[in-house]
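Me: I'm new to this structure and would like to learn how to read it. Could you walk me through a few features?

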Amino acid sequence: MESNILVSIIMPVYNVEKYLEKTLESVKAQSFQNYELIAINDGSTDKSFEILKMYQDRMPQLYIMDQKNSGVSTARNRGIKRATGEYVCFLDADDQLSPDYLEHMYKIAVEKKADMVVCNYVPFRKSPIFEKYSEKPIFVQSSENLVQAGVLTSTWTKLIKTSMLLGYNIEFERNMTYGEDLFFSWKAYLASKSVWMIDEKLYGYRLTEIGATNKFHPDLYEKYRDAFADLKSFGRKVGKNDEEQMDYFFATRMPSFILMTVREQNSIAQKRKRLQRILNDATIQKAYQNWEEFIKKIPEEQIRFYDHCRKKKLNRLLVNGYKRNISGNLKNKIKKYMT
């Protein structure tokens, strides 16, 4: 094991035998070698654990933790507590890193004395094509910069100061089944005094057949509402007011809230009642009331949908949700057939 660990890579592992070796090879190929890879086997039932054990001889930086299946949040939290690096980053066990990922991210962190460094990512199915744009880092003045770049909702595009996470006891919420990355990343952003972003696709995100949005997440609206309330409280604690941006972001989660509503085992009347209750949320309606500002934060093609939300057109919104549900299920069947 390298004695001077500068970066701890935290990687939960659960039933990814099909992709795990390529992921590990992408870590081995890093131009920056002062790292440790903490792999947390989360009760895999395939050959994932055996693959990890096989790589221990090839990768002296690999440290394996084993646990009963407890979920990705528990695994990541254990990894953070075990980390010895100055910074931590997160890697999903079916994704891949650019060979320059650690080198570029750590170089910026040191030069800018950053608490967090954020890069861009490239989605892929077979092999990622990493592209370089500008290596010049940009100081992040607002979480809106991260939202607009599409990198706030994930943890795997970020290098984060370990001492900051431990000092503020920032960890993943174990009760969240969808969006846990978002709230962890946002809280880490709030705690950070210096955040820098580089427009370089250094992380490869694998597109799999079934994503989190294609599953049923009960009480998603209530969990998001409570999580944002916790974020606001944390922001006040660290003296960083980001509540307006949080409110806008919460109001743009309506497609997911509607999708989970139509997937509930309830009657149409009950679904209408639940959707009405969500749309009556004071935070959501406040965001829609400031309509001219709100539509600046969404793509033009989504304005009509959110206008229906603003005007509480329940039937149209439920139909939209059913269409999205059917379309998503059909796409997954096609993908499974073609792979």
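Reply: Happy to! Keep in mind that this is a predicted model. Let's begin with a pair of strands: S1 (residues 7-13) and S2 (residues 35-42) run parallel and are joined by seven bridges.

Me: Which residue of S2 is the bridge partner of Pro12?

Reply: Pro12 has Ile40 as its bridge partner in S2.

Me: Is strand S2 mostly covered or mostly open?

Reply: S2 is mostly covered, with eight of its eight residues buried. You can check this face by face. On one side sit Tyr35, Leu37, Ala39 and Asn41, and on the other Glu36, Ile38, Ile40 and Asp42; all of them are buried, and both faces of the strand are covered.

Me: Now the helices, please. How are two packed helices described?

Reply: Take H1 (residues 20-28) and H2 (residues 48-55), which pack at about 30 degrees with their axes 10 Å apart. An angle under 35 degrees counts as roughly parallel, and H1 and H2 are therefore roughly parallel to each other. Their crossing is right-handed.

Me: Which residues make the contact between H1 and H2?

Reply: H1 contributes Leu20, Glu21, Leu24, Glu25 and Lys28, while H2 brings Ser48, Ile51, Leu52, Met54 and Tyr55. Sorted by class, this contact of H1 with H2 holds six nonpolar residues, one polar and three charged.

Me: At what angle do H8 and H9 cross?

Reply: Helix H8 (residues 220-238) and helix H9 (residues 243-251) cross at roughly 170 degrees, and their axes come within 10 Å. Anything over 145 degrees counts as roughly antiparallel, so H8 is roughly antiparallel to H9. On the H8 side the contact is made by Tyr221, Tyr224, Arg225, Phe228, Leu231, Lys232 and Arg236, and on the H9 side by Glu243, Met246, Asp247, Phe249 and Phe250. The classes in the contact of H8 with H9 are seven nonpolar, no polar and five charged residues.

Me: One last topic, the backbone. What is the phi of Lys113?

Reply: Lys113 has a positive phi of about 50 degrees, although it is not a glycine. Look for Lys113 in the loop between helix H4 (101-112) and strand S6 (116-124). Its relative accessibility is 72%, so Lys113 counts as exposed.

Me: And where is Asn169 found?

Reply: Asn169 lies in the loop between helix H6 (162-167) and helix H7 (180-191). Its phi is also positive, near 55 degrees, in a residue other than glycine. Asn169 is exposed, with a relative accessible area of 57%.

Key
Residues numbered from 1 in each chain as written. Predicted model: local features only at pLDDT ≥ 70, side-chain atom pairs only at ≥ 80, totals over all residues. Heavy atoms only, no water. Axes fitted to C-alpha atoms, helices over the stretch in contact; angles between N-to-C directions. Helix = DSSP H or I, 4+ residues; strand = E, 2+ residues; numbered from the N terminus. Parallel < 35°, antiparallel > 145°, perpendicular 65-115°, else oblique. Left-handed = near helix turned anticlockwise from the far one by under 90°. Contact = heavy atoms within 4.5 Å. Nonpolar A, V, L, I, M, F, W, Y, C, P; charged D, E, K, R; others polar. Buried < 20%, exposed > 50% of the residue type's maximum accessible area, 1.4 Å probe, protein only. Pairing = 2+ DSSP bridges.
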